[in-house]
Structures are given as C-alpha cells and as structure tokens.
Amino acid sequence: MPIVAQSTETTDWVSRFADEVIEESERRAPGKPVVVASGLSPSGPIHLGNLREVMTPHLVADEIRRRGYQVRHLISWDDYDRYRKVPAGVPGVDETWAEHIGKPLTSVPAPKGSPYPNWAEHFKAAMVESLAELGVEFDGISQTEQYTSGVYREQILHAMRHRGDIDAILAQYRTKKAPAKKQQQKPVDEAELEAAEGSGAAAEDDGSSGSAGYFPYKPYCGNCEKDLTAVTSYDDDSTELTYSCTSCGFSETVRLNEFNRGKLVWKVDWPMRWAYEGVIFEPSGVDHSSPGSSFQVGGQIVGIFGGKQPIGPMYAFVGISGMAKMSSSKGGVPTPADALQIMEPQLLRWLYARRRPNQSFKVAFDQEIQRLYDEWDRLEAKVADGTALPADVAAHSRAVRTASGELPRTPRPLPYRTLASVADITAGHEDQALRILSDLDPANPLASLEEARPRYDKAEAWINTHVPADQRTIVRDEPDTELLKSLDEQGRESLRLLLDGLADNWSLDGLTHLVYGVPKVQAGFSADATPKELPPEIKTSQRSFFALLYQLLVSRDTGPRLPTLLLAVGQERVRHLLGA
C-alpha cells in the first residue's frame with residue numbers, strides 16, 4: 001500500500017504537482033503505477049534546455065516515490081523522427097550528411113569515429129550517461145523499436161480509420177495559424193524551438209493532404225528510406241496503401257496491417273502515445289503550448305484514441321551565463337555532460353529544482369559559477385543548522401538525494417573558488433595542490449586530494465576549459481625590481497607589515513585577516529576594527545594594497561583571492577617576490 005501522507009515539504013512546486021498527479025492518477029487509473037513522461041530527440045547534441053523536459057517530471061516522480069507510490073518515468077527517444085538538417089559544429093560530421101535528410105535518425109550514420117551504430121545512438125549515449133550521474137531513473141522507449149516491431153499497428157490503423165475526424169480537428173487550427181502567430185506576445189525562445197524540433201514539433205507536420213485526401217501517416221520510402229512520400233490511396237477494409245516518393249520516384253503498394261516502415265505524423269503521434277502509455281503528467285515547452293500547437297491540438301486528438309491529455313506545466317527556457325540563448329543548430333551548445341564536467345550533480349539538480357518550471361534561469365559556465373557555488377555552500381550550512389526556509393530545504397533535499405538514496409558527494413567540500421584558484425596556480429601539479437589545500441586549515445589539514453574530489457576535479461576542469469588564457473594566473477619567477485624601487489615609504493611599510501605577519505598567520509583565515517588588516521594598521525586602527533569603525537577611505541587603501549600585491553606576484557591588477565594566492569605561492573617565494 002502506498003504511503004498516503006503528504007511530504008512535509010509542501011511549500012515547493014514539486015510537492016504541489018505531486019499532489020495533483022497522485023489525485024489525477026487515482027481518478028484515471030486507480031491502483032496502477034503513476035506514469036509521467038518526457039520526450040527527447042537524439043537529432044543532435046541534447047542540450048541543457050532539453051534537460052528541463054526530463055528534470056521537471058523526474059523531480060515530481062521522485063517526490064511521488066518518496067511517498068511510497070509506484071511510478072514510471074518514461075523517456076520516449078524520438079529516434080524514428082526524420083533527420084531534418086545537419087547540425088553545425090558536430091565533430092566528425094561534414095556536408096555529406098545532408099544526403100541523409102529525410103531518413104529516420106536510426107538510419108543515419110553516426111559521426112566519424114563514433115563507436116555507436118547510428119546517429120541516434122551516438123547522441124542518446126551521452127544523455128543516458130549524464131542522467132545516470134544526475135540520479136534520474138527512467139524507462140527508455142525507442143520509437144524506432146516501437147514502430148518497426150508493430151507495437152503501434154492497431155493505433156495506426158485506428159488513426160487511418162478516423163482520419164476524417166483527425167483532419168476536422170486539425171482544420172480548426174490550419175486557418176487560425178497566421179493570426180495565432182500575430183497574437184504572440186514575444187518570440188518563442190530559440191532554445192525551445194530546438195527542443196521542439198527534435199520531437200517533430202518545429203515542422204508542426206500534421207499529415208499529407210493531397211488529391212487522395214488527408215492521411216495522418218507517413219511511410220518511409222522502401223528505396224531511399226526518406227519520408228518525402230505521399231499516400232496516393234488507402235482502403236480501410238484491406239488496409240492496402242499506395243504511396244509514392246517525391247525524392248527518388250519509387251512507389252509501391254503495401255498492406256498497412258503488415259507494414260512497419262512508417263510513423264504517425266507528430267501531431268497525431270504524441271496524443272496516440274499519451275493514450276497508449278496512460279500518461280498522467282508531462283510538461284511541455286512554451287512553443288508546444290501556443291495556440292494551434294501540438295499540445296493544444298493533441299488535447300482533442302487524444303480522445304480519438306480513448307485517452308486524456310496529461311496534466312503538466314509549460315516550462316520556460318534555460319539560458320547560459322555569459323552566452324546567448326541556446327540553439328542546437330549552432331556549434332558549441334552546452335549539454336548536461338558539459339555542465340557535469342565543471343559542477344557536481346547536486347548543484348545542477350538544484351538549479352532545476354529551485355525554480356518553478358515557468359521561470360527561466362541560467363546555467364553558469366563563466367565566473368558566475370563561483371558565485372553559484374558560494375550560494376550553494378551557504379544553503380548547505382543553513383540546512384545543517386536548521387535556519388533554512390522550508391522551500392529552500394525542499395530544493396536542497398531534491399538536489400542531494402532521490403528516493404533511492406543520497407547522491408555521491410565530496411567528503412570535504414572546500415570553497416569552489418578556492419579550489420579553482422589552486423588548480424589555476426598549480427597547473428596540474430597535484431602534490432602542490434595538496435600542499436596548498438592542507439594549509440587552508442592547519443588544525444584539520446587535508447590528508448589527500450581524494451577528500452576534495454570530485455569538486456576539485458570539477459573546478460580544475462572549469463579552469464582548463466572555460467577560463468581564457470589571458471585570465472589564467474602565472475606567478476612571477478623573479479621580483480619586479482623596478483616596481484619595488486619605485487615604492488614610497490607607505491608602500492614599503494605595507495609590505496614589511498605583511499611579511500612580518502606571514503609566519504604567524506599562515507592559514508586561509510589568518511592570511512585573510514592579515515591582508516585586510518595591513519591598511520587598517522597603517523591608518524592607525526586595530527587590525528580587528530570592523531567596517532563600521534573605519535572611515536570610507538580605508539577601502540580605497542585596501543584596494544590599492546591588493547593591486548600592489550597582485551602586480552608583484554602575478555604582474556596583474558587582479559587575480560585569485562589573495563589569501564589563496566599567498567598560500568599557493570608559498571612563504572619562501574612570497575618573501576622573495578616581495579623583496580624581503
């Protein structure tokens with residue numbers, strides 16, 4: 001029996017949707033597992049915008065599992081969709097792939113050098129690996145397997161028998177298509193269009209309507225394998241179907257009750273699957289939810305198959321910090337694998353869990369990632385001491401664990417910005433990195449880099465892949481004698497005060513106190529004086545002092561946090577570079 005008590009975390013959007021989904025599932029299919037669904041197309045790199053299509057139902061499904069219910073999270077791999085275009089920027093792919101446009105994705109060769117048998121499997125594999133790291137449990141359904149094995153045969157024949165009813169529904173929107181576009185308040189986000197395209201929605205193909213009438217079914221050509229075909233006749237009794245290919249000129253007559261080389265058009269295919277799988281919850285992108293779009297039309301067509309439209313929110317786009325909106329038609333679109341290279345899965349899960357589906361947000365690949373990690377660490381501290389708000393506690397819980405248990409985590413989660421600075425300065429020398437990190441807290445030194453992993457590896461990957469070369473930190477080999485000679489007495493005194501305090505303050509906290517304290521002492525105040533006790537010009541003096549240290553150590557006006565930089569350089573070398 002399921003645990004019917006609701007989660008105590010009732011203040012977040014996930015719990016509210018879970019309540020609705022459980023109630024709806026009991027009404028539609030009492031006693032059966034709750035079915036939530038996502039659809040992904042391996043038509044190219046599956047990006048972080050597409051991930052919202054998965055994370056939204058995953059989080060809801062996981063909350064329902066926590067309450068003791070059985071749940072199926074279906075991911076339909078739309079690998080039987082047509083290959084629409086050659087995406088730019090994909091390694092191992094050139095213009096010759098254009099000859100495969102119109103074929104099923106599983107009939108298109110994988111990029112050169114790929115170990116996978118076809119285009120769809122190549123792009124599916126990276127997403128499957130990322131979902132495993134994120135703790136997402138799902139039942140994958142290959143639409144190629146479903147269609148080519150005849151699983152949907154009865155649904156196809158049913159759609160063909162009721163093609164007039166389907167055509168009548170679609171006709172309501174064909175005439176309204178242009179006005180609907182004019183009424184749009186803002187352009188659909190580019191990332192959403194790309195996510196939709198993979199599912200067949202970008203083309204909004206609702207079937208062929210030629211001299212032989214409307215048909216909601218597209219055969220793939222028996223000669224060239226492309227879907228550039230038109231049904232020229234069909235007999236409901238015998239199921240004899242004749243089609244011709246406009247690409248190669250091939251035509252043939254087949255019996256649809258035995259034929260497995262074709263599929264329902266997108267606007268019919270999606271609602272057919274809702275009915276077939278008994279889907280209760282499935283979110284949709286903003287483009288799917290506009291007037292005349294596939295989600296709205298599907299809500300009427302699903303009744304032809306004896307089903308009901310799922311409940312589910314419209315989700316907003318996902319952006320990238322420091323970059324334009326995502327579009328998988330352009331090269332370099334960040335994928336979940338790219339994000340997981342530089343951040344732990346808990347942080348990525350948190351970004352999707354803390355925002356309602358209709359709220360857009362950004363995934364950081366620039367310096368913003370350091371601020372995000374600082375925010376995450378503060379949340380962890382608040383959760384630990386019981387001061388976090390209920391909604392934040394809920395989002396944190398969904399980030400660090402699933403119904404199956406805790407996600408693996410870093411034993412000693414040192415500040416990300418500190419780890420990035422150390423990785424930057426040491427340039428891959430792990431023994432040096434361990435020396436510096438052990439000095440951060442002499443009372444509780446790091447025994448091994450393994451204690452700081454995988455966070456250390458993520459920070460190192462960020463430094464190596466997303467920080468421009470001209471922003472990397474290169475410590476000087478020799479003192480800047482010219483700069484040292486040019487210093488006035490105040491400048492020389494500031495260096496003496498710092499050098500005199502190094503030995504007694506050689507820890508992260510100690511050096512922080514020291515470097516901020518030197519300008520205070522020079523101005524006649526205590527090093528412990530608080531900002532409220534100090535005149536505003538002290539901040540100006542601190543900035544000038546920091547700039548001097550950066551110039552003497554790394555020949556720049558800025559760099560990693562000075563306490564971390566000093567630890568990284570080491571006492572002896574610091575004394576040498578500061579003219580001791």
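Author: Let's start with α22, whose buried residues are covered by elements including α15 (416-426), α16 (430-439), α20 (508-522), α21 (537-554) and α23 (571-577). Cover here is about contact, meaning heavy atoms within 4.5 Å. The names come from DSSP runs, numbered from the N terminus: helices are H or I runs of at least four residues, and strands are E runs of at least two.

Before going on, a word on where this comes from. This is a predicted model, in which local features need pLDDT of at least 70 and side-chain atom pairs count only at pLDDT 80 or more, while totals for chains, interfaces and linings use all residues. Residues are numbered from 1 along each chain as its sequence is written, and side-chain values use heavy atoms, with hydrogens and water left out.

Back to α22, which runs over residues 562-569: eight of its eight residues are buried, so the helix is largely enclosed by the rest of the structure. Buried means under 20% relative accessible area, exposed means over 50%, and partly exposed is in between (1.4 Å probe, protein chains only). The buried residues are Leu562, Pro563, Thr564, Leu565, Leu566, Leu567, Ala568 and Val569. Just past the helix sits Gly570, with a positive phi of about 90°.

One of the neighbours is worth a visit. In α16, the buried residues are Ala433, Ile436, Leu437, Ser438 and Asp439. The buried residues of α16 pack against α15, α17 (455-466), α20 and, once again, α22. Between α20 and α21 there is a loop, and that's where you'll find Pro536. With 66% relative accessibility, Pro536 counts as exposed. If you want a sense of distance, Pro536 and Val268 are 268 residues apart along the chain, and their C-alpha atoms are separated by 68 Å. Ser294 belongs to helix α10 (residues 294-301) and is buried, with a relative accessible area of 1%.

Another helix that's mostly covered up is α2, where 18 of the 19 residues are buried, so it too is largely enclosed by the rest of the structure. Its 19 residues (48-66) should span 27 Å at 1.5 Å a residue, and the end C-alpha atoms are 26 Å apart, which agrees. That expected span is 1.5 Å times one less than the number of residues. There's a bend of about 30° at Val54, with a proline, Pro57, following within four residues. The bend at a residue is the angle between axes fitted to the seven residues ending there and the seven starting there. Further along α2 comes Asp62, which is buried with a relative accessible area of 4%. Leaving aside residues up to four places away in sequence, Asp62 touches Arg401, Thr402 and Ala403. Just after α2, Gly68 takes a positive phi of about 95°.

Now for the rings. A search of the whole structure finds 20 aromatic pairs. Trp119 and Phe123 have ring centres 5.0 Å apart and planes at 55°, so this pair is tilted. The rule is that rings of Phe, Tyr and Trp (its six-membered ring) pair if their centres lie within 6.5 Å, with planes under 30 degrees apart counting as stacked, over 60 as edge-to-face and the rest as tilted. Trp119 and Phe123 are four residues apart in helix α3 (residues 119-133), about one helical turn, and both are buried. Tyr147 and Tyr152 make an edge-to-face pair, 4.9 Å centre to centre with 75° between the planes.

Finally, step back to the whole protein chain. There are 23 helices and 16 strands, and the C-alpha trace spans about 100 × 55 × 45 Å along its principal axes. Of the 580 residues, 52% are buried. Among contacts with a separation of 6 or more, 71% join residues 24 or more positions apart.
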